[in-house]
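Thanks for coming, everyone. Please look at the screen while I walk through this one.

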Amino acid sequence: MTPPEFKEQPLLLDVRNLTIRLNSAAGLVHAVEDVSFVLREGQTLGIVGESGSGKSVMARSLMNLLPRRSVAQRQGSVVLSGREISALSERELQKLRGAQVAMIFQDPMTALNPVLTICVQVSEPLQQHLGLSKQAARQRTIELLDAVGIPDAANRVDQYPHQLSGGMRQRVVIAIALACDPALLIADEPTTALDVTVQKQILDLLSRQQTQRRMGMLLITHDLGVVASRADIIAVMYAGRLVELAPATTLFSAMRHPYTEALFNSIPRISDPGHTRLQAIPGRPPQLHNSSPGCAFAPRCQYAQQRCHRETPPVVVAESSIETAKPTEHLHACFFPVAKSASGEAN
Amino acid sequence: MSDKPVQTSPLQLRDRGDIVLRIEHLSVNFRAGKQTVQAVSDLSLDVARGETLGLVGESGCGKSTVGRAIMQLPPPTAGKVLFQGQDLGLLSGEALRQTRTALQMIFQDPISSLNPRRKVRDIVAEGLQIWGRPSQQARVREVMEAVGLDPDAVADRRPHQFSGGQCQRICIARSLALDPDVLICDEPVSALDVSVQAQILNLLEDMKQRYQLTMVFVAHNLAVVRNVSDRVAVMYLGKLCEIGDTGSVYARPAHPYTRALLASIPDMNPLSRHQQDGLPLLHGDLPSPANPPSGCRFRTRCPNAQSLCAEKEPLMQAVRQTVQNDPQSKATVEVSDHFVACHFPL
């Protein structure tokens with residue numbers, strides 16, 4: 001398949017045909033199947049999927065963070081700024097992680113070490129990767145805490161994680177991630193554990209930092225609303241596969257995959273009157289233990305036909321890329337893509 | 001702040017014959033070490049028959065505690081919970097347990113609220129067995145079918161064989177078995193997959209019609225609450241800040257906190273990205289409920305706060321609106337069923 005081309009920016013991340021199978025007590029789990037995409041410098045790619053769609057496994061595998069014993073199979077290539085990740089030694093990877101690529105996880109409570117001060121935790125990558133002295137690292141830490149919106153950073157720096165609220169802890173996690181000016185930031189459900197008001201603050205902070213530092217960002221979430229107004233490109237995953245990928249505006253104005261459409265329609269809207277009947281998707285996401293042929297969404301799909309249950313649809317370029325103004329591509333994996341516009345009014 | 005809570009006049013309580021649940025001046029305190037945390041402070045609201053009341057707010061605002069206090073789990077520190085005119089706080093032991101069968105609850109995590117060692121059939125039938133209700137088998141079949149579970153296929157299985165959505169259906173079946181009047185739902189869909197949430201929300205709506213339920217729906221997702229509720233109550237740090245008809249509250253929020261909450265909802269429109277910064281934003285985090293701010297509890301984060309807000313706690317008042325026909329006139333009318341506790345309502 002051909003990844004979408006954004007001519008303006010140099011390539012940052014090039015993932016091709018990534019397939020990951022994990023060992024589990026119940027057998028082999030097909031966590032990620034043949035996923036390809038590219039990310040250019042300064043771009044945000046939103047990856048949307050439900051739990052079990054493989055989005056987190058995919059994100060972790062980009063930096064080889066999956067426990068070695070649990071990975072049964074890994075195919076495909078991940079090229080970061082021209083270097084193939086799977087060819088690197090553990091030592092070389094260590095140098096990459098935290099310096100060129102940083103990650104933010106869902107739960108800020110467990111991402112921080114409870115017995116170390118904020119200063120020690122933010123300074124660590126500064127001393128490790130940038131070779132700053134303890135004194136310089138401390139100064140830089142205070143600046144970073146300030147940049148991520150922690151009030152009274154000079155005093156907060158000596159506090160422990162338990163003395164901070166959830167939103168503040170996530171800011172500390174972001175400060176650690178930004179410490180070495182990474183080229184790529186992987187944010188895996190960065191706001192799921194937070195309240196809506198704090199969620200907005202954190203997402204705004206990430207967007208601002210990303211623009212300032214011209215980082216590439218992978219924003220992984222289960223919430224279409226989180227990526228809608230913040231991602232340049234949105235990839236939708238279902239059962240380990242990429243089912244649709246398009247620039248955000250194109251995706252919302254002309255979604256092609258029935259799953260994207262169903263997901264979009266099942267979400268309650270603020271703008272709808274009360275007691276509006278929701279268009280629920282029947283059934284539930286599949287287990288990933290067996291690799292039965294056919295489209296994984298077919299059993300829940302209202303448009304499914306015979307062929308969908310027999311063959312796995314390949315990722316293809318949407319034939320009616322109506323957005324002719326932009327040199328972008330709209331990809332989907334469906335034999336019978338939906339044509340009508342599902343969105344329309346704003347939320 | 002003085003130890004005695006300021007007695008707000010519960011303007012928002014309605015004088016109607018069909019009030020099923022009435023909460024007056026409810027306070028719930030918890031001990032946390034040497035401190036006392038006021039989880040709920042002087043909260044009054046009511047729910048009419050067949051109505052769904054949505055209870056929203058950030059985590060730690062006391063919304064779940066209200067749900068539990070209604071069930072007397074644990075009993076409130078102060079205030080009354082009246083169920084069909086009966087003060088639940090005055091009942092004890094057997095009488096409370098008897099009355100409480102009419103109030104049922106479902107919880108956020110459907111998997112951990114089911115006993116993993118029991119069969120689905122026994123889980124759903126437990127209430128019926130305890131109370132020795134007649135024709136238990138038939139009732140179990142009926143409620144299981146009502147929630148979309150095939151009794152023949154699932155009755156002998158155990159919870160671990162089901163997905164989260166299915167487990168929530170089992171929880172709903174269990175709560176309906178005793179034919180309750182009131183269903184209290186504490187974040188019933190927030191642990192579920194996005195694609196399954198709509199199924200459960202539709203199911204709750206169907207069950208409400210079929211069994212003539214009155215519902216209290218506690219949730220942090222404002223879009224979900226918009227969909228299910230007739231009235232909505234917004235809580236902040238244990239206090240009620242705004243209550244009223246859902247359409248009115250969402251269309252014209254009168255409390256700065258409600259407006260900020262609504263503005264925080266992620267926008268589904270990708271074209272709106274450049275407009276976002278214009279919206280009022282809430283700064284900072286929730287203050288500690290052990291040591292709430294004086295006066296209005298929201299004032300520390302409120303963009304409109306003035307000195308009065310720190311001195312005096314705002315009382316609940318009816319929301320007023322300028323007369324629509326005549327934009328020139330300064331005359332205002334009270335909006336029916338919309339109340340706000342703010343010195344400077346929007």
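**The sheet in chain B**

Let's start with a sheet in chain B: it is open, has 4 strands in the order E2-E1-E4-E5, and pairs them antiparallel. One reminder before I go on: this is a predicted model.

Which strands stand at the edges? They are E2(B), residues 35–48, and E5(B), residues 86–87. Each has a single partner strand, so one side of each is left without a neighbour in the sheet.

Now the pairings. E1(B) and E4(B) run antiparallel and are joined by 5 bridges. Take Leu21(B): its bridge partner in E4(B) is Phe83(B). Phe83(B) also has a bridge partner in E5(B), and that is Gln86(B). Stay on that side of the sheet order for a moment. E4(B), residues 78–83, is joined to E5(B) by 2 bridges, again antiparallel. Leu82(B) stands opposite Asp87(B) in E5(B). E4(B) and E5(B) form a hairpin, with 2 residues between the strands. Look at Gln84(B) in that hairpin: its phi is positive, near 50°.

What packs on this sheet? Helix H1 of chain B does, residues 63–70. H1(B) touches E1(B), E2(B) and E4(B). Its direction makes about 115° with that of E1(B), residues 19–32.

**Domains of chain B**

Zoom out to the domains. The assignment divides chain B into two parts. Domain 1 covers 7–102, 180–196, 208–266 and 277–346. Domain 2 is 112–179. Their C-alpha centres lie 31 Å apart. How many residues are in contact between them? From domain 1 there are 9, and they are in contact with 10 from domain 2. On the domain 1 side, 7 are nonpolar, 1 is polar and 1 is charged.

**A helix pair in each chain**

Next, helix packing. Two packed helices are described by the angle between their axes and the distance between the axes.

Chain B to begin with. H6(B), residues 164–176, packs with H7(B), residues 194–210, at an angle of about 15°. Their axes are 10 Å apart. Angles under 35 degrees count as roughly parallel, so H6(B) and H7(B) are roughly parallel to each other. The crossing is right-handed. Among the contacting residues, H6(B) gives Gln168(B), Arg169(B) and Ile172(B), and H7(B) gives Gln199(B), Ile200(B) and Met207(B). By class, this contact has 6 nonpolar, 4 polar and 1 charged residues.

Over to chain A. H7(A), residues 166–178, packs with H8(A), residues 196–213. The angle is about 15°, with the axes 10 Å apart. That makes H7(A) roughly parallel to H8(A). Their crossing is right-handed. From H7(A), the contact includes Gly166(A), Gln170(A) and Leu178(A). From H8(A), it includes Val198(A), Leu205(A) and Gln209(A). How does the contact divide by class? It has 6 nonpolar, 5 polar and no charged residues.

**Where the chains meet**

Last stop, the interface. Here 40 residues of chain B are in contact with 41 residues of chain A. Which elements give two or more residues to the chain B side? They are H7(B), H8(B) at 222–228, H9(B) at 246–251 and H10(B) at 256–263. The largest share, 8 residues, comes from H7(B). By class, the chain B side divides into 17 nonpolar, 15 polar and 8 charged residues.

That's my tour. Over to you.

Terms used:
Residues numbered from 1 in each chain as written. Chains lettered and ligands numbered in written order. Predicted model: local features only at pLDDT ≥ 70, side-chain atom pairs only at ≥ 80, totals over all residues. Axes fitted to C-alpha atoms, helices over the stretch in contact; angles between N-to-C directions. Parallel < 35°, antiparallel > 145°, perpendicular 65-115°, else oblique. Left-handed = near helix turned anticlockwise from the far one by under 90°. Contact = placed C-beta atoms within 7 Å. Nonpolar A, V, L, I, M, F, W, Y, C, P; charged D, E, K, R; others polar. Domains from an automatic or database assignment. Pairing = 2+ DSSP bridges.
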